[in-house]
Amino acid sequence: AFKIYNHNFFFSHGKDSNYMKYGLKMNLDEKTELYLSAFLKKTFKDTMNFDPKHDIVISGDLHTESFNQGKFFKYYKVPAMSPSSDWVKANFGYSLPGCQYFNVGEDLFETGIISFDY
């Protein structure tokens, strides 16, 4: 986790091999938001605002892109920079490699995807 201006960024791979049978979902649902909110409140209680204007959760485990705004944070699934492995293609389909960027300033928040065509 880190803070840039008034934005709190929380990075996660999206799966915890000790406690989770499955990784974080592609799209934010109530169960996932509750799970993440409880974890973030416990771990980052002095940092977390629980406001989607300021708190951003980023996960990269599914190697594809998605964005959802929850009640308490923005939720991004970001692409992988490498091409899909045969295992990923067989289980999830081909995903376009890419990189998500965030341009953050005092009164600025922009994000986008740079896709790679291999």
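1. Start with a term. A residue is called buried when its relative accessible area is under 20%, exposed when that area is over 50%, and partly exposed in between. Take Gly 23 as a test case: is this residue buried, partly exposed or exposed? Gly 23 has a relative accessible area of 27%, so the residue is partly exposed. Keep in mind that the model is predicted.

2. Now the overall plan. The protein has 2 helices and 7 strands. What is their order along the sequence? The pattern runs β-β-α-β-β-β-α-β-β.

3. Next, the overall dimensions. The protein has 118 residues, and a compact globule of that length would have a radius of gyration near 13 Å. The protein has 15 Å, which agrees. Along the principal axes, the C-alpha atoms fill a box of roughly 40 × 35 × 20 Å.

4. Of the 118 residues, 35% are buried. The accessible surface is about 7,800 Å². Carbon and sulfur atoms account for 54% of that surface.

5. Then contacts and charges. Take the contacts in the protein with a separation of 6 or more: 45% of them come from residues 24 or more positions apart. The protein carries 13 positive and 14 negative charges.

6. Which residues build it? There are 9 in all: Phe 10, Leu 24, Leu 28, Leu 36, Leu 40, Met 48, Val 57, Phe 73 and Tyr 75.

7. Leave aside its neighbours within four places in sequence. Leu 28 is then in contact with Glu 33, Asn 68, Gly 70, Phe 73 and Tyr 75.

8. Phe 44 sits in the loop between α1 (30-43) and β3 (55-59). Is Phe 44 buried, partly exposed or exposed? Its relative accessible area is 24%, so Phe 44 is partly exposed. Beyond its neighbours within four places in sequence, Phe 44 is in contact with Ala 1, Phe 10 and Phe 39. Phe 10 and Phe 44 are 34 residues apart in sequence. Their C-alpha atoms are 9.4 Å apart in space.

9. Phe 50 lies in the loop between α1 and β3. Its relative accessible area of 26% makes Phe 50 partly exposed. The backbone angle phi is worth checking here. Most residues other than glycine have a negative phi. Phe 50 is not a glycine, yet its phi is positive, about 55 degrees.

10. Tyr 5 raises the topic of phi again. Where does Tyr 5 lie? Tyr 5 is in the loop between β1 (2-4) and β2 (7-12). Its phi is near 50 degrees, a positive value in a residue other than glycine.

11. Return to Gly 23, in the loop between β2 and α1. Leaving out its neighbours within four places in sequence, Gly 23 is in contact with Gly 14, Lys 15 and Asp 61. His 13 is 10 residues away from Gly 23 along the chain. The C-alpha atoms of Gly 23 and His 13 are separated by 8.6 Å.

12. Finish with Lys 15, one of the contacts of Gly 23. Lys 15 is in the loop between β2 and α1. At 39% relative accessibility, Lys 15 is partly exposed.

How values were computed
Residues are numbered from 1 along each chain as its sequence is written. This is a predicted model: local features need pLDDT of at least 70, side-chain atom pairs count only at pLDDT 80 or more; totals for chains, interfaces and linings use all residues. Side-chain values use heavy atoms; hydrogens and water are left out. Helices (H or I, at least four residues) and strands (E, at least two) are DSSP runs, numbered from the N terminus. The radius of gyration is taken over C-alpha atoms; the globule rule is 2.2 Å times the number of residues to the power 0.38. Buried means under 20% relative accessible area, exposed over 50%, partly exposed in between (1.4 Å probe, protein chains only). Contact means heavy atoms within 4.5 Å. Accessible areas come from the Shrake-Rupley method with a 1.4 Å probe; for residues, only the protein chains shown count as cover. Lys and Arg count as positive and Asp and Glu as negative; His and the chain ends are not counted. The place of a charge is taken as NZ of Lys, CZ of Arg, CG of Asp or CD of Glu. A nonpolar core is a set of buried Ala, Val, Leu, Ile, Met, Phe, Trp, Tyr and Cys residues joined through side-chain atoms within 4.5 Å.
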